[in-house]
Amino acid sequence: MSIRLLAVELYRAQQKVDRIQKEIDKADYKEQESLQDELRIAGKELQMLRKMLDGRKESGSFRKKFSTLL
């Protein structure tokens, strides 16, 4: 996947997280519980996409240089 496509997916994931957070603010207690689960999943997806994008932005030589530290 190209960096541009990753960036678009990252943007969509961030928008989804923001939308769910706004829904949580407006929802009653019962709905908040289910929305919290949905927010947790959307947050994990957002983190995964961020890590993927950050990994793609690093050059190959940079990653090789620090791969022994992991």
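These are my notebook entries on a predicted model of one protein chain.

**Ground rules**

I number residues from 1 along each chain as its sequence is written, and I leave hydrogens and water out, using heavy atoms for side-chain values. Because the model is predicted, local features need pLDDT of at least 70 and side-chain atom pairs count only at pLDDT 80 or more, while totals for chains, interfaces and linings use all residues.

**Entry 1: confidence**

I looked up pLDDT, the predictor's confidence in each residue, from 0 to 100. The mean for the protein chain is 85. I note that 77% of its residues reach 70 or more. Which element has the lowest mean pLDDT? It is helix α3, residues 60-66, with a mean of 57. Helix α1 has the highest, at 94.

**Entry 2: secondary structure**

I took helices (H or I, at least four residues) and strands (E, at least two) as DSSP runs, numbered from the N terminus. I find three helices and zero strands in the protein chain. The order from the N terminus is α-α-α.

I then checked the length of α1.

**Entry 3: surface and burial**

I used accessible areas from the Shrake-Rupley method with a 1.4 Å probe; for residues, only the protein chains shown count as cover. The accessible surface of the protein chain is about 5,800 Å². Carbon and sulfur atoms hold 55% of that surface.

For single residues I call under 20% relative accessible area buried, over 50% exposed, and anything in between partly exposed (1.4 Å probe, protein chains only). Of the 70 residues in the protein chain, 19% are buried. In α1 I list L6, L10, A13, V17, I20 and I24 as buried.

**Entry 4: the core**

I searched for nonpolar cores, meaning sets of buried Ala, Val, Leu, Ile, Met, Phe, Trp, Tyr and Cys residues joined through side-chain atoms within 4.5 Å. The largest has 13 residues. Those with the most contacts inside this core are L10, V17, I20, I24, L39, L46 and L49. Which elements give two or more residues to this core? They are α1 (3-26) and α2 (29-57).

I count a contact when heavy atoms lie within 4.5 Å. Among contacts in the protein chain with a separation of 6 or more, 63% join residues 24 or more positions apart.

I looked at V17 next. Leaving out residues up to four places away in sequence, V17 touches L39, A42, G43 and L46. I41 is 24 residues from V17 in sequence, and their C-alpha atoms are 9.3 Å apart. I41 sits in helix α2. Is I41 buried or exposed? I41 counts as exposed because its relative accessibility is 53%.

K16 is in helix α1. With neighbours within four places in sequence set aside, K16 is in contact with A42 and E45. K16 and L39 are 23 residues apart in sequence, with 8.5 Å between their C-alpha atoms. K16 has 35% relative accessibility, so I log K16 as partly exposed.

**Entry 5: salt bridges**

My rule for a salt bridge is a side-chain nitrogen of Lys or Arg within 4 Å of a carboxyl oxygen of Asp or Glu. How many salt bridges does this rule give? The count is three.

- R12 and E9 meet at 3.0 Å, N to O. Both lie in α1, three residues apart, about one turn of the helix. R12 is exposed at 52%, whereas E9 is partly exposed at 29%.
- E23 pairs with R19, the closest N and O atoms being 2.8 Å apart. They are four residues apart in α1, so about one helical turn separates them. E23 is partly exposed at 31%, and R19 is partly exposed at 38%.
- D37 pairs with R40, with 3.6 Å between the closest N and O atoms. Both lie in α2, three residues apart, about one turn of the helix. D37 is partly exposed at 41%, and R40 is partly exposed at 49%.

An α-helix has 3.6 residues a turn, so residues three or four places apart point the same way.
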